[in-house]
Amino acid sequence: MSTAPLLVPRHASFAESAFAGTWSAVRLILRRDRILLPVWILGLAAITSSTAAGVIGLYSSAADRQEWADGVAGNPMELALVGPIFGSTSGAIISWQVGVRSLLGAALAGLLMVIRHTRTEEETGRRELLGSTPFGRHAQLAAALLVTVAASCLAGLLTAVALARLGLPLAGALALGGAIASMGLFFAGVGAVTAQLSVGAGSARGMALIVLAVAYVLRAVGDAGGGDSPLSWLSPFGWAHRVRPFAGERWWVLLLPVIATAVLAGVAIALSARRDIGGGLIASREGPATASDSLRGPFSLAWRQHRTGLAGWAVGFCCAGFALGGIALSVTKQAGQSEQLQELITYLGGEGRPVDGVFALFVYILALAAGAYGVLAALRPHAEEASGRAEPMLAAPVGRVRWLGGHLLIAAMGSAALLAVLGLATGLTYGLASGDVPGELARMPAAALAYAPAVWVMIGITGVLYGVTPRAATAGAWTILVLNVLVFLIAQVPGMNPSIAYASPFINVPKLPAAALSVSPLAVLVLIAAVLAAGGLFGFTRRRIT
């Protein structure tokens, strides 16, 4: 297939023809993401500024701030998970508190945005249609990078303005905003490169996320021992931290991600010129000529499709469990100094041992992450149908209920397995620290698995949306999951009725190990999940395959 753009004047230079239509592509991206881009930019700035506002009023004296900063600096686990702290001022504490979340958020948004508007466009066939017009070979890639870089910089600028309005020093606010923006820039370049290597958007995202994970681990290992480790300087996360907002800013460090982004963009453009549209530099591996005995039915095929992703999630939940068990005692001590955190733990049922309240809080948060996996796994049939693979499958003697039911069952089993892994890892780590491994291994898996019915409700909702109205399934399922987070946060606002949070299935789960086990709410959630799943299966049997 020829990839040269058509209808380009013969006197046009190679650069002009290769990038022809870039600004038109930029306008198209801005139109398509007119909702998503503002949510990303404003959301990132709002999360950072709201956390900062809470921290400013949390510590009343310099002595309290110094004691807290010394506690963080002496805890290798917190240094590894969150990053180094470079002072005891309010600004330095805010930079430490919001750093890991804002940096990860910017990094994820950057790589996902670029891959969405490059590799996904090729996968759906839209890029090939554009190639039949006066549209340059590199225009789509250049447009995706331009929009992502601009959005990252705008998010960083708005973050800086919000922090400055809270009374923080302008120089530190700009440094923190620049550090956040730099992560969006760097991982936009990473996404641009992986989009050229892979033949599918999923594989491109997977490779980019591996790069992100390696960068995070390098920074974590380097920072765990304190000091200025060379390993931290090998990671873009380490660069962002070493800008040192509110602690003697190092402006020159921001040049490192800018230069790296320019290099990655150049590599991506060079790789783009060496492949066919729709293809990748890493060829797809051909499968065997005959199927193995493990692919005799729709359930086994669904398991084959889900197992790699589930394994990756399991590793993440295992690491989160080890981290939670390792920092539980330190967080408990810090919770004793925070009235807001104490109120939140009490609201979740933590009226017994303080450490149990900390566990209840963090297990609740990670259960929402398990809900994200459940939604993602339950949406896999939607991707199969949209790509055209479901229709030939269902044309064979394979029932619709068996096909969709297999995916929903694996989503339910997989989410329960993730919660079990979380509980086992947490119990083992905390048991070793407290000297009661058997007791903690009995308590913590039960505390985590108690959230499985709530996750199953989310899977049931996703199944209903897909079975009845597939066009709204993806947006609807993720919106409902986000609402589960928001209703809990809204209930914490002073003057709001806390009972509003009970609209979320996650709030109705007994908050083990801080609270006593109650079977009735779990049974109700299981029943609701079963009814929703049955409704989704019934709706799927009554509609056309698109």
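**Entry 1: the cavity**

Which residues lie nearest the centre of the largest cavity? I noted first that this is a predicted model. Then I searched the whole structure and got two cavities of 30 Å³ or more. The largest cavity has a volume of about 130 Å³. Its lining takes in 15 residues, and Ser95, Trp96, Ala240, His241 and Pro245 are the ones nearest the centre. I also checked which elements give two or more residues to this lining: they are α6 (90-116), α10 and α13 (236-241). Helix α6 has the largest share, with five residues.

**Entry 2: salt bridges**

How many salt bridges does a search of the whole structure find? I got seven.

I looked up arginine 32 and glutamate 121, whose side chains meet in a salt bridge at 2.8 Å, N to O. This pair links distant parts of the chain, since arginine 32 sits in helix α2 (residues 22-32) and glutamate 121 in helix α7 (residues 119-124), 89 residues apart. Arginine 32 counts as partly exposed at 33% relative accessibility, while glutamate 121 is buried at 2%.

Next came arginine 219 and aspartate 223, with their closest N and O atoms 3.2 Å apart. They are four residues apart in helix α11 (residues 201-224), so about one helical turn separates them. I found arginine 219 buried, and aspartate 223 too. Both belong to a network of salt bridges that also links Arg242.

Arginine 380 and glutamate 384 also form a salt bridge, at 3.2 Å, N to O. Arginine 380 is partly exposed at 26% relative accessibility, and glutamate 384 is buried at 5%.

**Entry 3: a nonpolar patch**

Leu154, Leu157, Val161, Leu170, Leu174 and Trp251 make a nonpolar patch of about 540 Å². Helices α9 (139-165) and α10 (170-197) are the elements giving it two or more residues. Helix α9 gives the most, with three.

I picked out leucine 170, which lies in helix α10. Why does leucine 170 count as exposed? Its relative accessible area is 52%, and exposed means over 50%.

**Entry 4: threonine 148**

Back in helix α9, I stopped at threonine 148. Is threonine 148 buried or exposed? I have it as buried, with a relative accessible area of 0%. Leaving out residues up to four places away in sequence, threonine 148 touches Trp40, Gly110, Met113, Val114, Gly184 and Ala188.

Terms used: Residues numbered from 1 in each chain as written. Predicted model: local features only at pLDDT ≥ 70, side-chain atom pairs only at ≥ 80, totals over all residues. Heavy atoms only, no water. Patch = residues over 30% accessible without salt bridge, like charges linked within 9 Å, V, L, I, M, F, W, Y side chains within 5 Å. Areas by Shrake-Rupley, 256 points an atom, 1.4 Å probe, with all protein chains shown as cover. Salt bridge = Lys/Arg side-chain N within 4 Å of Asp/Glu carboxyl O. Buried < 20%, exposed > 50% of the residue type's maximum accessible area, 1.4 Å probe, protein only. Contact = heavy atoms within 4.5 Å. 1 Å grid on protein atoms, 1.4 Å probe; cavity = no way out; pocket = protein on both sides within 12 Å on 5 of 7 lines; lining within 4 Å. Points joined across faces, edges and corners; volume = space filled by probe spheres on them.
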